[in-house]
Amino acid sequence: MIVSAPAAASAWQLRVDRSQSEVLLLHLAGHWTLESRLPLAADALNRAGAGGRIERVAFDSVGLEAWDSGLLIFLRALIAETERKHVTTDLAGLPEGVRRLLALTTAVPERKDMGRQARRPSMLARIGTATVSASRAGTELLAFLGEAFKSVLRLFVGKARFHRSDLFLILQEVGAQALPIVSLISFLVGVILAYVGALQLRQFGAQSYVADLVGVAMTREMGAMMAAIIMAGRTGAAFAAQLGTMQVNEEIDALATMGIPAMDFLVLPRMLALAVMMPLLGVYADLLGVLGGAVVGVGMLDLGSAEYYYRTIQAIGLDDFAAGIVKASVFGVLVAIAGCLRGMQCGRSSAAVGAAATSAVVTGIVFIIVSDTALTVIFERLGF
Amino acid sequence: MATVGEVTTAPGAPTTTRIEVRDLDMMYGERVIQRNLTFTVQRGDIFVIMGGSGCGKSTLLRHMIGLVEPARGDVFYDGASFWGTDLPVRERILRRIGVLYQSGALWSSMTLAENVSLPLEEYRDLHGAEIREVASLKLALVGLAGFEDFYPSEISGGMRKRAGLARAMALDPDILFFDEPSAGLDPISSHLLDDLILELRDSLGATVVMVTHELPSIFAIANNSVFLDAETKTMIAGGHPQTLLKECRDPKVHRFLTRGEAEE
């Protein structure tokens, strides 16, 4: 019986020889390569096995012209199949290279206990796992906050240990170097506010209130929030990536074995830098936003520049301004905490660093919006 | 996780015992890494933790230097319990220890001199100029004189390893831990590093514990060892590597020490 490759691509040939009783001799000929659509081992065996009991499978590869991994896969499957049927295989007739490679594949027995369980856990199990990991994440966050707080206390008693030069460097990175992007975004936010406001206010002929609207919105809310969101994307991610990479390189372990708390040395200067710089950036964003509003108001709504200036001064109270600054400070600390937390929790691979940076931005923005809501409600209750 | 809280000293420990690991179990969550590890490291030893890949060698090292708390058991330094005490005591013990990490783990935002200086600034009452001098000396000891102001990213892997060694020696530690010191080094650099380790041990009188599976290093410099097995999840042999090679009957240890060539 001769089985060969289908149709035109007649590259491989398999001839079955049952001339010896209880021995199945397989003549392999032609090209046994991955591309030549090799037969399935089980099929070949079943078709051949029709003529009575087989004790031994042997091979003849005299006509074999070319082979690659395809032949190995076929043979491995064949051997597995014969083992299952308690038939011995005699590999002597195969090319030496094939025999050696087959020996390699069986040299180390498959580690059964190492296989990951591929089974999909049930819905209930997944809910349980998610709940457990959520509560663990909560505990980790609280532990981190506690450590950070202790670190701040150590700072006040002068026991916190970090390099002052590090602090200045971070101050520069998070402050001065963020000015261009903060300028652009907050100016445009001012423009947008003025536009949207003008459309509505024009219906009542109250265009001049655009100045009030932009002024109050920027100082109370948008200045701090836009600056904070920029910082979450820019600085929070950078913090997470820096600390994460240090985690991967064992640099944080090296600090720990030297008894230098990473909290003091790495996290504290970053928190301080953002806590100092965020209110300044917030005020700067307020100014640029008001400027953006003024460009629209003066340029398109025909308000006089003096009038716009005067109205803005009238509209913004010290309390609006203070509310913005308080918010900016809180956002700054939160963005730093989100970035440092994710960085310190980072795993030990380069993929983990990417995940940490992403997670830092998401966490930072969630922190900002949630705390903003809380602060707005609190200020409202206080009549602030 | 409970550790042996009451026992603070190892009764009957001979004075030459530097480190004692007793009944140590290591787990990652539910997964057991190694169980029942008990061995001692004598003063002046070059002690090797060996075993196949993934058997928990580096994890054992991380337990010994205080980075991971054991699931059970304790580590004693000069008879004093490490995990059974509170943080300040642990930190005091750690100050006598220098660690060379697998990747060098130099702080990448600092120059080599600053890397070596940081522990000195923390724990030694020295002036800036003196610290700088000590840092230069330590760098010169490992053959990196003149590289004080280089950043870790500007030097080769072998140099980073040596700079890491300089930092590990900054506080003149009694005990040095090495995590795969010759990983990623060419044979000559790795040989030079071995010589350096021997030289430092002899001149500083330090005790060296290292994780490695480099046979040439093991036979060249180690005088004591423990062999961890990934399958049985415990130590299956220990002692002088040469003696192990001659006398150990365990086929796994024998295969490891002969690179699998002398199958019986």
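This is a predicted model: local features need pLDDT of at least 70, side-chain atom pairs count only at pLDDT 80 or more; totals for chains, interfaces and linings use all residues.

Q: What's the secondary structure of chain A?
A: Twelve helices and six strands.

Q: What radius of gyration does chain A have, next to a compact globule of 384 residues?
A: Chain A has 36 Å, while a compact globule of that length would be near 21 Å. The C-alpha trace of chain A spans about 110 × 60 × 40 Å along its principal axes.

Q: How is chain A split into domains?
A: The assignment gives domain 1 as 2-109 and domain 2 as 147-382. Their centres, taken over C-alpha atoms, are separated by 69 Å.

Q: How much of chain A is buried?
A: 37% of its 384 residues count as buried. On contacts, take those in chain A between residues at least 6 apart in sequence: 83% of them join residues at least 24 apart.

Q: OK, chain B now. What are its domains?
A: Domain 1 is made of 13-96 + 176-258, and domain 2 is 102-172. The C-alpha centres of these two domains of chain B lie 25 Å apart.

Q: How many residues are in contact between them?
A: Twelve from domain 1 of chain B are in contact with nine from domain 2 of chain B. On the domain 1 side, the elements giving two or more residues are E7 and helix H6 (187-204) of chain B. H6(B) has the largest share of that side, with four residues.

Q: What order do the strands take in the six-stranded sheet of chain B?
A: E6-E7-E8-E3-E9-E10, an open sheet with mixed pairing. Strand E6 (97-100) and strand E10 (234-238) of chain B are the edges, each pairing on one side only. From one strand to the next, the twist averages 20°.

Q: How does E3 of chain B run relative to E9 of chain B, parallel or antiparallel?
A: Parallel, with five bridges joining E3 (residues 46-51) to E9 (residues 224-229) in chain B. For example, Ile49(B) has Val226(B) in E9(B) as its bridge partner.

Q: Which helix lies across E6 and E7 of chain B?
A: That's H5 of chain B (residues 157-168), running at about 170° to E6(B).

Q: What does strand E1 of chain B pair with?
A: One partner is E2(B): eight bridges join E1 (residues 17-28) and E2 (residues 31-42) of chain B, running antiparallel. There, Glu20(B) has Thr40(B) as its bridge partner. The hairpin has two residues between the strands, and Gly29(B) takes a positive phi near 60°. E1(B) also pairs with E4 of chain B (residues 72-77), in the antiparallel sense over five bridges. Arg22(B) stands opposite Asp74(B) in that pairing.

Q: Last one: why is helix H1 of chain B described as largely enclosed?
A: Because seven of the eight residues of H1(B) (residues 57-64) are buried, the rest of the structure largely encloses this helix. Among the buried ones are Lys57(B), Arg62(B) and His63(B), along with Leu60(B) and Leu61(B).

Q: And what comes just after H1(B)?
A: Gly66(B), which takes a positive phi of about 85°.

Note on methods:
Residues are numbered from 1 along each chain as its sequence is written. Chains are lettered from A and ligands numbered from 1 in the order in which they are written. Two strands pair if DSSP finds at least two bridges between them. Axes are lines fitted to C-alpha atoms, for helices over the stretch in contact, and angles run from 0 to 180 degrees between N-to-C directions. Two residues are in contact if their C-beta atoms, placed from the backbone, lie within 7 Å. Domain bounds come from an automatic or database domain assignment. The radius of gyration is taken over C-alpha atoms; the globule rule is 2.2 Å times the number of residues to the power 0.38. A residue is buried if 20 or more other C-beta atoms lie within 10 Å of its own, exposed if 12 or fewer, and partly exposed in between; C-beta atoms are placed from the backbone.
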